[in-house]
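Welcome! Please take a moment to look over the sequence and the 3D structure, and then we can walk through them together.

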Amino acid sequence: GAKMSKSKGNTVAPDEFINQYGSDTFRIYLMFMGPYDEGGDWNDKGIKGIYRFLNKIWKLVALPDSKELDKEIDQLMHQTIKVVTDDLCNMKFNTAISRLMELVNSVSGKDSIASTFKKNIALLLAPLAPHLSEELWSIIGHNSSIFDEPWPKHNPLKLQKDEMNIVIQVNGKVRANISLQKGLDKDNILNQCKELDNVAKYLDGNQLIKEIYVPEKIVNFVVKMR
């Protein structure tokens with residue numbers, strides 16, 4: 001629970017942890033403890049969590065290949081590629097690892113996973129866990145080194161969500177919200193909002209004076225109560 005210092009005599013030799021968990025686990029744990037340029041208090045309890053995380057990836061790559069990714073997972077994968085790329089460039093290793101954990105957890109319980117997902121997870125992990133990533137690359141079916149491969153690129157079109165969340169107000173007071181497919185025209189959106197029970201009760205029997213639509217954000221019905 002304290003920063004290591006030779007003057008304090010509280011340094012920890014890595015050999016014991018490397019022998020027990022492997023050098024990649026130890027390496028990632030050091031990066032995950034906090035901002036890399038600030039250091040952090042040492043606590044060897046958290047290393048077990050990193051070991052479990054890497055084992056999840058190992059088991060994930062060993063799963064049979066599926067034909068394609070679920071739409072949500074595919075979107076999360078491209079978001080992760082962008083964030084991890086930016087984080088590594090800025091030496092934000094701890095947040096890059098957090099995003100990889102989130103991506104791995106998104107496919108927890110799957111019986112199969114697309115080869116594209118396996119390839120990208122191995123490539124993103126390579127700068128952090130080089131030895132494990134090289135093994136994973138071989139298991140996936142490649143004869144070359146993973147470090148001869150180009151870095152993955154995200155698809156900007158897959159960063160955007162296909163749905164929008166609309167907040168519905170009546171006379172400026174929030175009465176409901178609704179998730180709708182992007183690309184719908186204004187009239188379609190307004191009609192679907194009017195059909196919601198908690199909105200319809202304020203419209204029925206009253207005079208609708210004005211309909212205000214802030215694209216992809218807010219619908220406000222101005223009503224004169226009778």
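Predicted model: local features only at pLDDT ≥ 70, side-chain atom pairs only at ≥ 80, totals over all residues.

Let us begin with a pair of strands: strand 3 (residues 163–170) and strand 4 run antiparallel and are joined by eight bridges. Strands, like helices, are DSSP runs numbered from the N terminus, with at least two residues (E) for a strand and at least four (H or I) for a helix. Two strands count as paired if DSSP finds at least two bridges between them.

Residues are numbered from 1 along each chain as its sequence is written, and side-chain values use heavy atoms, with hydrogens and water left out.

Four strands form an open sheet in the order 4-3-6-5, and the pairing is mixed. Strand 4 (173–181) and strand 5 (207–214) are the edge strands, each pairing on one side only. On average, neighbouring strands of this sheet are turned by 20° against each other, direction ignored; the angles are taken between axes, which are lines fitted to C-alpha atoms (for helices over the stretch in contact), and run from 0 to 180 degrees between N-to-C directions.

Strand 3 pairs with strand 6 in the parallel sense, over four bridges. Here V167 has I218 in strand 6 as its bridge partner. Strand 5 and strand 6 (residues 218–224), by contrast, pair in the antiparallel sense over seven bridges, and L208 stands opposite V223 in strand 6.

## A closer look at Q169

Leaving aside residues up to four places away in sequence, Q169 touches V174, R175, I218, V219, N220 and F221, where contact means heavy atoms within 4.5 Å.

Now to the helices. The axes of helix 2 (residues 23–32) and helix 5 (residues 93–106) cross at roughly 115° and come within 7 Å. That makes helix 2 roughly perpendicular to helix 5 (angles of 65 to 115 degrees count as roughly perpendicular, under 35 as roughly parallel, over 145 as roughly antiparallel and the rest as oblique).

From helix 2, I28, M31 and F32 meet F93, N94, I97, S98 and M101 of helix 5. Six residues of this contact are nonpolar, two are polar and none is charged. Nonpolar covers Ala, Val, Leu, Ile, Met, Phe, Trp, Tyr, Cys and Pro; charged covers Asp, Glu, Lys and Arg; the others, Gly among them, are polar.

## An enclosed helix

Helix 6 (residues 115–125) is largely enclosed by the rest of the structure, because eight of its eleven residues are buried. The buried residues in helix 6 are F117, K118, N120, I121, A122, L123, L124 and L125.

## The whole chain

Stepping back, the protein chain has nine helices and six strands. Of its 226 residues, 35% count as buried. Along the principal axes, the C-alpha atoms fill a box of roughly 80 × 50 × 30 Å.

Definitions and conventions. Buried < 20%, exposed > 50% of the residue type's maximum accessible area, 1.4 Å probe, protein only.
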